[in-house]
Amino acid sequence: MKPRITVELASRVKNLPPYLFATIDKMKQEARAKGTDLIDLSIGDPDMPTPKHIVDAMKVAVEKPEHHRYPSYEGMLSFRAAVATWYKRRFDVELDPGAEVLSLIGSKEGIGHIPLAFVETGDVVLVPSPGYPVYPVGTLFAGGEIHIMPLWEKNGFLPDLKSIPWDVLKRTKLIYINYPNNPTSACAPRSFYEEVIDLAATYNFIVCHDAAYSEIYYDNDKPISFLELDGAKEVGIEMHSLSKTYNMTGWRIGCAVGNSDVIAGLGKIKTNLDSGVFQAIQEASVAALETDDRILAEMRNTYQERRDVLYKGLNDLGMKVIKPKATFYLWTQVPAGFDSASFVAHLLEKAGVLGTPGNGFGAPGEGYIRFALTVPVARMKEAVERIGKAL
Ligand SMILES: *Cc1c(COP(=O)(O)O)cnc(C)c1O
């Protein structure tokens, strides 16, 4: 036999935080193998298909030979212009498509890559917790130091910026913020963004606002864009995604918009690591960004109906439920006597309902569970019934 190599994983991979969802995936497989009729509320992925007019636009675009070649890393001007038009219409924010908009292969790509452009070994990145795991991992891959900003319920799941020590702020290069928030479903008021902008300007660091859920909102209460605020474009960018807004998670397209220097820095990484988004997808995305508001309102109504069933159901069962104003998640404390993991396991075993343990999003999420509103309303009703019996 020929010798087999034994190259060890790089420390940046070996030192990754444990993937807590691996346990869940295993539990899920076991439940399915036992024949459980599983109601899976653990998935942050829309269950509804991409709207037809977008799929139709893709069919036309994919036939065009000019789209079969390498795209430009920064995106087609037509796509970037459509993003700028969308921002103007939705938020009344002006963007220069040439310098202030960059296409992304899903916003996850931009979120993960931005520290590579600006963070040196030992520089600090401010990371909300519980939060999207890509913020800490992107930081670690770039050699940065993570400073956790816990999101507590008593603070409306906003970080307490005043509690960040001065010597940390001095070394900070980047802050991630994310509202409407995954997993807590919290929204941020204007005053919070103002505070972030002042802090970033004072200590000279970049603000990266992840706005993936800006279009999934309830009761007509529209979230704002970070870029609506005075001074925002001086200090930062917003990452946006077509994934959640248009049920396009599989298509892999998003954008970064805002401060032109930050956009250029991120673009430098992209020119060297990837070659942009398939142009047919960009062309279909122009159709997506022009989607009739009535279609989006219908999608929101669907989520709202599910939210109302789950919120009322769990509330009636005596759980301390927070009513989501946005996102397709419901974040709630687990009942007394449980922690996140044991409650998830209990619901799976006794009810065949799967939620996500809050501590999987970071230690401050311990004691919570996240339910995704990504199953039809009839299944949601059934989930509530089964949870009632399991409690
Ligand atoms: C889903 C999600 C994204 C978007 O991911 P894409 O890569 O654009 O599909 C970004 N941030 C958060 C918090 C998310 O939940």
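Which residues does Gln282 touch, not counting residues up to four places away in sequence? They are Pro71, Gly75, Met76, Phe79, Ile253 and Val277. The model is predicted. The protein contains 15 helices and 12 strands. Its domain assignment gives two parts, domain 1 (11–49 + 294–390) and domain 2 (52–289).

**Overall form**

- The radius of gyration is 21 Å, which agrees with the value near 21 Å for a compact globule of 391 residues.
- The C-alpha trace spans about 65 × 55 × 50 Å along the principal axes.
- Of the 391 residues, 54% are buried.
- Take the contacts between residues at least 6 apart in sequence: 75% of them join residues at least 24 apart.

**Surface and charge**

**Two domains**

- Domain 1 is made of two stretches, 11–49 and 294–390, while domain 2 runs through 52–289.
- The contact between them takes 33 residues from domain 1 and 31 residues from domain 2.
- Their C-alpha centres are 25 Å apart.

**Helix 12**

- Helix 12 covers residues 279–289.
- This helix is mostly covered, with 10 of its 11 residues buried.
- Among the buried ones are Ala280, Ile281, Ala284, Ser285 and Val286.
- The cover includes helix 3 (52–62), helix 4 (77–91) and helix 10 (242–245).
- Gln279 belongs to helix 12, and it counts as buried because its relative accessibility is 13%, under the 20% cut-off.
- Beyond its neighbours within four places in sequence, Gln279 is in contact with Glu66, His67, Tyr70, Pro71, Ser72 and Met76.
- Gln282 is also found in helix 12, and its relative accessibility is 0%, so it counts as buried.

**Val321**

- Val321 sits in the loop between helix 13 (293–316) and strand 9 (329–333).
- Its relative accessible area is 12%, so Val321 is buried.
- Val321 touches Tyr311, Leu314, Asn315, Leu330 and Thr332, leaving out residues up to four places away in sequence.
- Lys64 is 257 residues from Val321 along the chain, and their C-alpha atoms are separated by 50 Å.

**Cis peptide bonds**

- The bond from Tyr179 to Pro180 is cis, with omega near -10 degrees.
- The bond from Asn182 to Pro183 is cis, with omega near 15 degrees.
- Pro180 lies in the loop between strand 5 (172–177) and helix 8 (190–203).
- Pro183 is likewise in the loop between strand 5 and helix 8.

- Phe157 has phi near 60 degrees, a positive value in a residue other than glycine.
- Phe157 is in the loop between strand 4 (145–150) and helix 7 (166–169).
- With a relative accessible area of 4%, Phe157 is buried.
- Asn220 is not a glycine, yet its phi is positive at about 60 degrees.
- Asn220 is placed in the loop between strand 6 (206–210) and helix 9 (232–235).
- Asn220 has 69% relative accessibility, so it counts as exposed.

Terms used:
Residues are numbered from 1 along each chain as its sequence is written. This is a predicted model: local features need pLDDT of at least 70, side-chain atom pairs count only at pLDDT 80 or more; totals for chains, interfaces and linings use all residues. Side-chain values use heavy atoms; hydrogens and water are left out. Helices (H or I, at least four residues) and strands (E, at least two) are DSSP runs, numbered from the N terminus. The radius of gyration is taken over C-alpha atoms; the globule rule is 2.2 Å times the number of residues to the power 0.38. Buried means under 20% relative accessible area, exposed over 50%, partly exposed in between (1.4 Å probe, protein chains only). Contact means heavy atoms within 4.5 Å. Domain bounds come from an automatic or database domain assignment.
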